Amino acid sequence: MARTALVTGGAGFIGSALVRRLVKEGWRVANIDKLTYAGDLRNLAEVEGSANHKLIQADVADAHAVAAAFNEHRPELVFHLAAESHVDRSIDGPRAFIDTNVVGAYVMLDAARAYLGAGGPADFRFVHVSTDEVYGSLGAKGLFTETTAYAPNSPYAASKAAADHLARAWHQTFKLPVMISNCSNNYGPYQNAEKLIPTVIGCALLGKPIPVYGDGRQVRDWLYVEDHVDALLAVARRGAAGEKYNIGGHNEVANIDLVKTVCRELDARRPKSSGGYADQIAFVTDRPGHDRRYAIDATKAMREIGWSPKETFATGIARTVDWYCANEAYWREAAGAAKRLGLADAKPKG
């Protein structure tokens with residue numbers, strides 16, 4: 001008999017990749033998604049009509065809807081991914097991030113506690129999916145470890161830090177079998193057009209300026225989305241309750257170098273009649289509180305749950321650009337209309 005997983009945010013970028021994988025592996029999946037701007041039903045086309053996938057359009061902060069999902073579907077496993085995740089939007093409108101990321105996490109954790117208390121499965125596990133942004137900003141050297149002190153600098157990061165603390169407290173106080181994962185920047189197919197790599201691809205191919213914040217020297221560790229899915233499954237299967245695991249791609253890249261790499265990939269696939277896509281790069285005013293560098297030490301995940309990324313940045317970015325070039329209808333409308341704080345309203349520097 002197939003086992004059941006409850007996934008929140010399963011119409012989003014990372015969540016839908018996880019849903020597609022779980023269904024492919026034979027799981028029954030109950031998928032809670034509010035279907036805001038970040039959720040896209042096209043991400044679920046592969047599982048549409050599958051008897052093993054049930055989409056529940058609901059808010060994770062709605063305690064009644066969440067409790068009903070637990071009681072109806074009786075999951076053995078929960079992956080909580082639903083979150084407002086765009087840093088720029090959190091600067092412009094923090095309230096939604098508190099409602100979804102903090103209140104939603106509380107509702108999910110407490111619903112899981114009630115479910116177990118009423119006779120839920122003995123092997124139940126809850127994976128709370130978070131971000132490396134809770135740790136704040138690194139200097140030129142060093143890596144985030146699982147014991148790095150939290151120092152969130154954006155409303156988004158602060159909301160995720162609060163959720164992490166709730167998850168830990170529900171384990172410590174109520175013995176809920178929770179594991180926390182903190183991942184670096186994800187990329188790959190089906191990513192929302194507001195994120196950096198889809199923005200670069202969309203602006204480049206639409207002939208628009210490619211905006212780069214500040215001097216472009218902010219460094220991020222890039223993780224291919226399917227590698228992240230592998231990690232989440234490894235956490236669920238082999239992680240220890242109450243533990244946290246940093247998930248990173250071992251691919252530190254400065255933003256400006258990433259943008260230039262994407263431009264070179266596009267030059268090779270869709271050459272312009274003159275010049276290259278890098279000619280469209282436009283430096284814009286930096287966003288407030290922009291962290292300088294993130295870098296993940298994923299040693300614990302590699303050692304304790306047997307996970308390591310398969311994709312290098314070179315192979316992952318090539319696969320990503322191939323997908324966006326082959327699926328132009330997916331991003332074209334959103335890329336043309338996207339508005340981002342510090343981007344759409346920023347003035348070119350110089």
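This is a predicted model: local features need pLDDT of at least 70, side-chain atom pairs count only at pLDDT 80 or more; totals for chains, interfaces and linings use all residues.
Local features need pLDDT of at least 70 and side-chain atom pairs count only at pLDDT 80 or more, while totals for chains, interfaces and linings use all residues. Residues are numbered from 1 along each chain as its sequence is written, and side-chain values use heavy atoms, with hydrogens and water left out.

**View 1. Arg3 pairs up with Asp123 in a salt bridge.** The closest N and O atoms sit 2.9 Å apart; a salt bridge here is a side-chain nitrogen of Lys or Arg within 4 Å of a carboxyl oxygen of Asp or Glu. By this rule the count comes to 21 salt bridges. Arg3 belongs to the segment before strand 1 (4–8), and Asp123 to the loop between helix 4 and strand 5 (125–131), 120 residues apart. Helices (H or I, at least four residues) and strands (E, at least two) are DSSP runs, numbered from the N terminus.

**View 2. Lys310 meets Asp230 at 2.8 Å, N to O.** Lys310 is exposed at 63% relative accessibility, but Asp230 is buried at 18% (buried is under 20% relative accessible area, exposed over 50%, partly exposed in between; 1.4 Å probe, protein chains only).

**View 3. Arg303 and Glu304 form a salt bridge.** Their closest N and O atoms are 3.3 Å apart. Arg303 is exposed at 56%, and Glu304 partly exposed at 37%.

**View 4. Val103 sits in helix 4 (residues 95–117).** Val103 is partly exposed, with a relative accessible area of 34%.
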